[in-house]
Amino acid sequence: MESLDLKWIRAQFPALTQKINGQPAIFFDGPGGTQVPGSVLDAISDYLVRSNANAHGAFATSARTDALITSARAAIADFLGCNSDEVVFGANMTTLTFAVSRAIGRELQPGDEIIVTRLDHAANVSPWYALEEKGVTVRIVDVNIEDCTLDMSDLERQINPQTKLVAVCYASNAVGTINDVAAVVRLARTVGALVFVDAVHYTPHAPINVHALDCDFLACSAYKFFGPHVGILYGKREHLAHFSPYKLKPAPEEVPFRWETGTLNHEGLAGLVAAINYLAKLGCHVSPSVDSELVTALAQADKEGLETFHCPRFLTSPDQPSHELASAYHSRRAALVAAMSAIQQYEKELSQKLIAGLLEIPGLSFYGITDPARFAWRTPTVAFRLAGQTPETTAKALGDRGIFAWHGNFYAINLTEKLKVEASGGLLRIGLAHYNSMEEIHQFLQVLHEIASLPTA
């Protein structure tokens, strides 16, 4: 596998050309939402110009919208390693998680238990606590403070025959810890519990295969992996069919449509497909074994309608059905895995430089995994505080110098409370993406050294 071509990658993202106070902007704010390729902007604009209509109409623009929705499900199926009828779209991950919790809650009884974790974003905690009104008991798994990892021994102690569901994040949006979700699934299976995975923070950093993972549900958001604001839910087909979501009477009963409330964000889906095809194109760049001709043909058909799909090297006729499209989906999945694997490796290198530099700064308190031998269990998202400064003060000083970073609790409030930093402003978070560079990290570390040495009040 070839290394990432950073020059080509950065050229795809128009936002990266911005300047702040005469300095190139450095986007270290990825965990709050990544920047988007120009192809995503073009796809959204093109949809609104050429195809802006609701679904299921007997006219051209509506037919294009129907084709777009089909393309979007197929694109996410390739991205997550599932079937297209196991893909549900919604406003955002939080809304979809509430929908699932309400549906599952209809079947729970007083005394049933749900397990959440202290590492999670509130979007994978509050929807489950809402079921306490039905008499459900919610237990919370603790963290190891020294490295902000999930206390798996605590999970083993708390899981029991009354456990009906375990809700866990794939990776912490606050400190970057990657959880051993496969191990969580195996534990849950010993008592017959379901597993709901929040993969919002994990998706831009590594490949996912939900069927291999064997989780029951997995939720994510496209704006965290280079697309627009679209919520995404994977659910095993049998669960999407079995559980009863709250829905309108005229809405379809079939899976997955029964889970989609109201009109979908069609222009958002257009941008989502473009984001997936950007990653697939990146995969073609890094892996010579990927069938780039098929991937390119599929991306073109996503723009024009899947019925237009054709790869020039295949000869087809109406009376001899072709397997071209299935082959193209297989090739796109391979390209996506190649891209995300290359991103994972590159970001590991970024993490090594970033964390090593941070640990050299006097008065810096670091929260999370610091051992390079364990970097397979973290994303390039780090959290810290500078002595004598609030995270907001540090973030403002960085922002004035064109370096964008988040501060606060990032809705992982159970974690910031456990770390005893919530009352004093939470954490300063730096989050890298594959479009960031070693040079940006070097500049950031120089600036942070200066900020750390500023006199405090």
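Q: Okay, a helix here is a DSSP run of H or I, at least four residues, numbered from the N terminus. How far apart in helix α6 are Asp-154 and Arg-157?

A: This is a predicted model, to start with. Asp-154 and Arg-157 sit 3 residues apart in helix α6, residues 152-158, so about one helical turn separates them.

Q: What do Asp-154 and Arg-157 form?

A: A salt bridge, with the closest N and O atoms 3.4 Å apart.

Q: Is Asp-154 buried or exposed? And Arg-157?

A: Asp-154 counts as buried because its relative accessibility is 11%, and the cut-off for buried is under 20%. Arg-157 counts as exposed, at 58%.

Q: How many salt bridges does the structure hold?

A: There are 17. Side chains of opposite charge can pair when their charged atoms come close.

Q: What is the salt-bridge partner of Glu-260?

A: Arg-73, with the closest N and O atoms 2.8 Å apart. The pair links distant parts of the chain, 187 residues apart. Glu-260 is in the loop between α9 (237-242) and α10 (266-286), while Arg-73 is in helix α3, residues 60-80.

Q: Buried or exposed, those two?

A: Glu-260 is buried, and Arg-73 is buried too.

Q: What about Asp-216: which residue does it form a salt bridge with?

A: Arg-189, with the closest N and O atoms 3.1 Å apart. Asp-216 lies in the loop between α8 (210-213) and β11 (217-221), and Arg-189 lies in helix α7 (residues 181-189), so the pair ties together parts 27 residues apart in sequence.

Q: How accessible is Asp-216? And Arg-189?

A: Asp-216 has 2% relative accessibility, so it counts as buried. Arg-189 is partly exposed, with a relative accessible area of 30%.

Q: New topic. What does UniProt list for "domain: Aminotransferase class V"?

A: That unreviewed entry lists residues 26-313 and 339-444.

Q: How much helix and strand is there over residues 339-444?

A: That stretch is 41% helix and 19% strand. Its end C-alpha atoms are 26 Å apart.

Q: What is the strand order in the open sheet of 4 strands?

A: The order is β13-β14-β17-β16, with antiparallel pairing. β13 and β16 (406-408) are the edge strands, each pairing on one side only. The twist averages 30° from one strand to the next.

Q: What packs on that sheet, touching β13, β14 and β17?

A: Helix α12, residues 324-358. Its direction makes about 10° with that of β14. Helix α13, residues 391-400, packs on the sheet as well, touching β14, β16 and β17. The direction of α13 makes about 40° with that of β17.

Q: How many bridges does each strand pair have?

A: Strand β13 (residues 364-367) is joined to β14 by 4 bridges. β14 pairs with strand β17 (residues 427-431) over 4 bridges. β16 and β17 pair over 3 bridges.

Q: Which residues stand opposite each other?

A: Leu-364 has Leu-386 in β14 as its bridge partner. Leu-428 in β17 stands opposite Phe-384. His-407 also stands opposite Leu-428.

Q: Why is β14 largely enclosed?

A: Because 6 of the 6 residues of β14, residues 381-386, are buried. Both faces are covered: Thr-381, Ala-383 and Arg-385 on one side, Val-382, Phe-384 and Leu-386 on the other.

Q: Back to helix α13. How exposed is Asp-400?

A: Asp-400 lies in helix α13. It is partly exposed, with a relative accessible area of 38%. Asp-400 and Ser-62 are 338 residues apart in sequence and 46 Å apart in space, C-alpha to C-alpha.

Q: Last one, cysteines. How many disulfides?

A: A search of the whole structure finds 0. A disulfide needs the sulfur atoms within 2.5 Å.

Key: Residues are numbered from 1 along each chain as its sequence is written. This is a predicted model: local features need pLDDT of at least 70, side-chain atom pairs count only at pLDDT 80 or more; totals for chains, interfaces and linings use all residues. Side-chain values use heavy atoms; hydrogens and water are left out. Buried means under 20% relative accessible area, exposed over 50%, partly exposed in between (1.4 Å probe, protein chains only). Helices (H or I, at least four residues) and strands (E, at least two) are DSSP runs, numbered from the N terminus. Two strands pair if DSSP finds at least two bridges between them. A salt bridge is a side-chain nitrogen of Lys or Arg within 4 Å of a carboxyl oxygen of Asp or Glu. UniProt positions are given in the numbering used here, feature names are shortened, and annotations may be inferred rather than shown by experiment. Axes are lines fitted to C-alpha atoms, for helices over the stretch in contact, and angles run from 0 to 180 degrees between N-to-C directions. Contact means heavy atoms within 4.5 Å.
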